Amino acid sequence: MAARDTASLLVGLVVLLHTWGAWAKLEVNMEDRVEVFRGNTTQITCMFTSDQDISNISIYWFYVARLDARQLIYHQVANLASVTQDTPFTDRITVNSTGTPGQVVLTVSSVKLEDELEFICRIRSSDEYEEGRTKLKVFETPDRPTIAGVQTVISVNENKPSKIGSCKVKNGYPKPNITWYRNNTPLHAAQDGVKLEYSTTTESSLLLSVTSVLNKKVEKEDKDAKFYCEVSYFVPGGTRMTETSRINITVQYPSTTIDVRVAPPKDKIKEGDSIELNCYGDGNTPLLCSIHKHNETNDSWDTAPAVLNNVTRHNSGVYECTCTDVETADEISGKTVVIVNYLDAPKVKSKHLIVSQGEEVEATCNASSSLDTSTTWFNVTHTNKVEVSKGDTLRLENATFDTAGTYMCVVTVPEIEGMETSGTLLVNVKGPPEIMEKEKTVMEVNFKETVNLKCHVRGFPVPSVTWTTLDGKVLNTTSEKVSEEGIESMASVTVTSDITAFCNASNEYGTQAVAVIFSINTIKAGTVNPPENPPKKIKKEGSGVIIAVLIICILLLAILGSVLYFLYKKGKICGRSGKQNITKEKSNKDNIVVEMKSDNTEEAVLLGVNGEKQPTSDQ
C-alpha cells in the first residue's frame, strides 16, 4: 500500500513539473516578410515572451546566406552587444528595443537588392532558446515602358504570323510582367495566329529588364487596330500598372469592291460643270482601272480618271470601272449613275407688249428643267432692279406710263446654287405725250448768256419734240436721246432779252407743251459773265395756263376796240386834227379786225388777232 502511494506521488510530481515547464516555455514571434524599396531603411521586429528575467536573455541576429549557411551579424549577452565585423551589414544595422518588454528591432539602412535574404532572431534563456524568421523583400520601380511598331507593310496574304512590334521595360525588381493588347483586348499566346516572345536581361545593377515581341497573322480589320503594352510590377504592399503609347500598322489587303466617285463631290451636277470620274477600291493594293459608259456609243477611257469638261445632259448615264489587282490579278468592277441637271432658257410669251393706258399687262415665263424651279419678275432700269412678283405669270393692272419699261423673269433652281437663267419683256403703254418737266420756270440769266434747255417726254409711239419761242421762232435741237423711259431732247438759246421757250411734244394721240421763261438779270444786264449764283427758280405752272392767259389778253384787246368804236360813233371822242374811222364790216369766225388810220391819210389798215394784214376788199 505504501509502495502504491509512493508511485502515485511520483507520477503527480512528474505531471506537475511538465505542466510548469509548458507554462514557462520561451516563445519568439516575427512577421513572415518585410517589404522595402531599394535604397530605403527597413525594420525587422522580433517579439518574444519568457517567464524568466529578460535581463538574463541573450539575443542573436543571423542572415541566411547561400546553401542555407547562417551568418551572425549581431549578438547581445546580458548588457553586452556587438555587431559582427566584415559582413555586408556591419555598417548598416542597429538593434534597439522599442521600449516594450519582449521586443527588439533590427534596423537595416540603404537596403540593397542583395539584402533580399532571410533574417533569424534567436532568443536564449539560461537553459533553452527559440528562433523566429523573416524574409526581407526588396523592390524597384521600373522605367516607363517603350513600344516600337514595325515600319514595313504587312500583307494579309502572309502565311505565318508577322512581327507587329516590341515592348521593353527596364530596371525593375522583381521582374515586371508585359501583356499585349489589341483595342483594349488582351492577346495571349494560346490564341490562334498570335505568338509572343519574352526575354529577360539582368543589368549590372542587378535590376531586371524585360522585352516582349508580338507576332500576329494580320487581317484587314487590323488596319484600324491600336496595339499597346501593359506593364505590371510589384511594390511594397501590392502591384501597379502602366501602359505604353498606341501604335498601328500598315496592312496591305486586296480590294473586294470598287466605288466610282465623282470629283469635285457634289449633291447635284449641272450643265457647264467639269467633273472627274475615278475608281476606288476598298483595299490598298495597286489597281489598274479603265472606265466605260453604258450607252449606244460605249464611250470609254483606257485609264482612270475620266475627265468630262463642260458637261451637258447628254453626259448623263451609267459609268462602270473595271479594275485588275496588281498583286492577285483578280478583276473587280463597280458602277455609278451620273445625272447632269439642266435648265433651258425661258420662253417669255409676248416679248414685246404694247397696251393702252388703263389696260392689263399679262405675260408668262416658263423654263424647262430637270429639277423644280422658282421664277421671280423684276422691273429693270439703268440703275437698279426691283422685284415685282413671284411666279411664272406677270400681271399688272391699270397700265400707265410708269408701267412701261423692261421686265426680267429670273428662273432659278433652289437645289443648286448659281443655277439660273433669265428672259426679258418690253412693255410700251400707248398714250399722248407727257412732259416730265410740268412747270413754268422763271430764271434770271445774264445778258447774252447761253442756256441749255432739257425736256424729257414720255409717250408711245415715241413723241416728236420741237423747241420754239413765244414769237414762233424755232430753236435748234442740240441732241435727242430715246430710251425705254421716253425721249430726252436738248436745245440751247442765247438770251438777249426776256424770252419764253416752249418744249412741244406730239404723237398720234395728242400734244403737250411746257414753257420756260428767262428774265435778264437787271443788276448785271449787258455782262457776258455767268451769274455767280445758280439760276433762281420760282413757282412753276403748266403750259395750259400760259395759253389761257394769252387768249384772255386778246379778248380784252377786242373788247377795248369795240368800246372805242362805240364811243367814236356817238361822237364822244373828239379834239383831234385828223379823223379815224373804225368799222367792222366783216370778220372771220376766229379773227378780230381792227381799222387804224394815221393823221395824214384816209387809208385804213385792218389787223387780225394773229397780226396778218387784211386785203382792201375786206375794209
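Guide: Let's start with Phe 566, whose place is in helix H2 (residues 543-569). Helices (H or I, at least four residues) and strands (E, at least two) are DSSP runs, numbered from the N terminus. Keep in mind that this is a predicted model, where local features need pLDDT of at least 70 and side-chain atom pairs count only at pLDDT 80 or more, while totals for chains, interfaces and linings use all residues. Residues are numbered from 1 along each chain as its sequence is written, and side-chain values use heavy atoms, with hydrogens and water left out.

Visitor: Why is Phe 566 called partly exposed?

Guide: Buried means under 20% relative accessible area, exposed means over 50%, and partly exposed is in between (1.4 Å probe, protein chains only). Phe 566 has a relative accessible area of 49%, so it counts as partly exposed. Cys 553, at 40%, gets that label too.

Visitor: What makes the nonpolar patch on the surface, and which residues form it?

Guide: Patches are made of residues with over 30% relative accessible area and no salt bridge; nonpolar side chains (Val, Leu, Ile, Met, Phe, Trp, Tyr) are joined within 5 Å, like charges within 9 Å. Here the members are Ile 552, Leu 556, Ile 559, Leu 560, Val 563, Leu 564, Phe 566 and Leu 567, with about 730 Å² of accessible area together. Accessible areas come from the Shrake-Rupley method with a 1.4 Å probe, and for residues only the protein chains shown count as cover.

Visitor: On to the cysteines. Why is the link of Cys 289 and Cys 323 called a disulfide, and why is it right-handed?

Guide: The rule asks for a pair of cysteine sulfur atoms within 2.5 Å. In Cys 289 and Cys 323 the sulfur atoms are 2.0 Å apart, and the pair forms a disulfide. The torsion about its S-S bond is about 115°, so the disulfide is right-handed. The two ends come from distant parts of the chain: Cys 289 is in strand E24 (residues 287-294) and Cys 323 in strand E27 (residues 317-325), 34 residues apart.

Visitor: How do you know whether Cys 289 and Cys 323 are buried or exposed?

Guide: Cys 289 has a relative accessible area of 14%, so it is buried. Cys 323 comes in at 0%, so it counts as buried.

Visitor: How many disulfides are there in the whole structure?

Guide: A search finds six. Another one joins Cys 365 and Cys 409, with sulfur atoms 2.1 Å apart. Cys 365 lies in strand E32 (residues 361-366) and Cys 409 in strand E36 (residues 405-412), so this pair ties together parts that are 44 residues apart in sequence. Its link is right-handed, with 55° about the S-S bond. Cys 365 is at 0% relative accessibility and therefore counts as buried; Cys 409, at 0%, is buried as well.

Visitor: What is the pairing of the bonded cysteines in sequence order?

Guide: Numbered that way, it runs 1-2, 3-4, 5-7, 6-8, 9-10, 11-12.

Visitor: What makes Arg 182 and Asp 222 a salt bridge?

Guide: A salt bridge needs a side-chain nitrogen of Lys or Arg within 4 Å of a carboxyl oxygen of Asp or Glu. The N to O distance between Arg 182 and Asp 222 is 2.7 Å, and their side chains meet in a salt bridge. Arg 182 is in strand E14 (residues 177-182), and Asp 222 in the loop between E17 and E18, 40 residues apart. Asp 222 also meets Lys 216 in a salt bridge, at 3.1 Å, N to O. By this rule the count comes to 23.

Visitor: Why are Asp 222 and Lys 216 called buried?

Guide: Asp 222 is at 0% relative accessibility, so it counts as buried. Lys 216 is buried because its relative accessible area is 9%.

Visitor: And what is Lys 226 in contact with?

Guide: Contact means heavy atoms within 4.5 Å. Leaving aside neighbours within four places in sequence, Lys 226 is in contact with Tyr 181, Arg 182, Asn 183, Arg 246, Ile 247 and Asn 248. Lys 226 has a relative accessible area of 38%, so it is partly exposed.
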